[in-house]
Amino acid sequence: MRLSLDTGKCSGHARCWEAAPEVFDIDDNGYALPLDREVTEPVDAAVLAGVAACPERAISLR
């Protein structure tokens with residue numbers, strides 16, 4: 001599975017980072033930093049929490 005972030009959709013709420021700071025990085029304004037990486041199954045609960053926390057659905061897991 002691939003975890004990725006559409007930076008154009010990110011509005012800087014930093015909810016992904018609040019839910020899973022070990023997975024997501026943010027800049028000084030709260031915007032998520034670019035992300036595109038493989039995730040092994042079973043998917044870690046922190047990854048799922050970060051994806052679910054994004055109100056803009058800027059983070060995808062496919």
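Start with the largest cavity, which has a volume of about 100 Å³. A cavity here is a set of points on a 1 Å grid over the protein atoms alone where a 1.4 Å probe fits but cannot get out. Grid points are joined across faces, edges and corners, and the volume is the space filled by probe spheres set on the points. Rolling a probe the size of a water molecule over the atoms shows where empty space is left.

To find the spot, select Cys 10, His 13, Ala 14, Cys 16 and Cys 54, the closest to the cavity's centre among its 18 lining residues. Lining residues have an atom within 4 Å of a point. By class, the lining has 12 nonpolar, 4 polar and 2 charged residues. Ala, Val, Leu, Ile, Met, Phe, Trp, Tyr, Cys and Pro count as nonpolar, Asp, Glu, Lys and Arg as charged, and the others, Gly among them, as polar. The structure holds 1 cavity of 30 Å³ or more.

A word on what is on your screen: this is a predicted model, where local features need pLDDT of at least 70 and side-chain atom pairs count only at pLDDT 80 or more, while totals for chains, interfaces and linings use all residues. Residues are numbered from 1 along each chain as its sequence is written, and side-chain values use heavy atoms, with hydrogens and water left out.

**Zoom out to the whole chain**

Switch to a cartoon view and follow the chain from the N terminus: the elements run β-α-β-α-β. That is 2 helices and 3 strands, where helices (H or I, at least four residues) and strands (E, at least two) are DSSP runs, numbered from the N terminus. The C-alpha atoms fill a box of roughly 30 × 20 × 15 Å along the principal axes. Of the 62 residues, 34% count as buried; buried means under 20% relative accessible area, exposed over 50%, and partly exposed in between (1.4 Å probe, protein chains only).

**Stop at Ala 14**

Now return to Ala 14, in the loop between E1 and H1. Is Ala 14 buried or exposed? Ala 14 counts as buried because its relative accessibility is 12%. Its phi is near 65°, a positive value in a residue other than glycine. Most residues other than glycine have a negative phi, and most peptide bonds are trans.

Select Gly 8, which lies between strand E1 (2-5) and helix H1 (15-19). Gly 8 is exposed, with a relative accessible area of 68%.

**On to Pro 42**

Next, select Pro 42 in the loop between strand E2 (36-38) and helix H2 (45-53). Look at the peptide bond from Glu 41 to Pro 42, which is cis, with omega near 0°.

Move along to Arg 57, in the loop between H2 and E3. Although not a glycine, Arg 57 has a positive phi of about 55°. Arg 57 is exposed, with a relative accessible area of 52%.

Finish at Ser 60 in strand E3 (residues 59-61). Ser 60 counts as buried, at 17% relative accessibility. Which residues does Ser 60 touch, not counting those up to four places away in sequence? Select Arg 2, Leu 3 and Ser 4 to see them; a contact means heavy atoms within 4.5 Å.

How values were computed: 1 Å grid on protein atoms, 1.4 Å probe; cavity = no way out; pocket = protein on both sides within 12 Å on 5 of 7 lines; lining within 4 Å.
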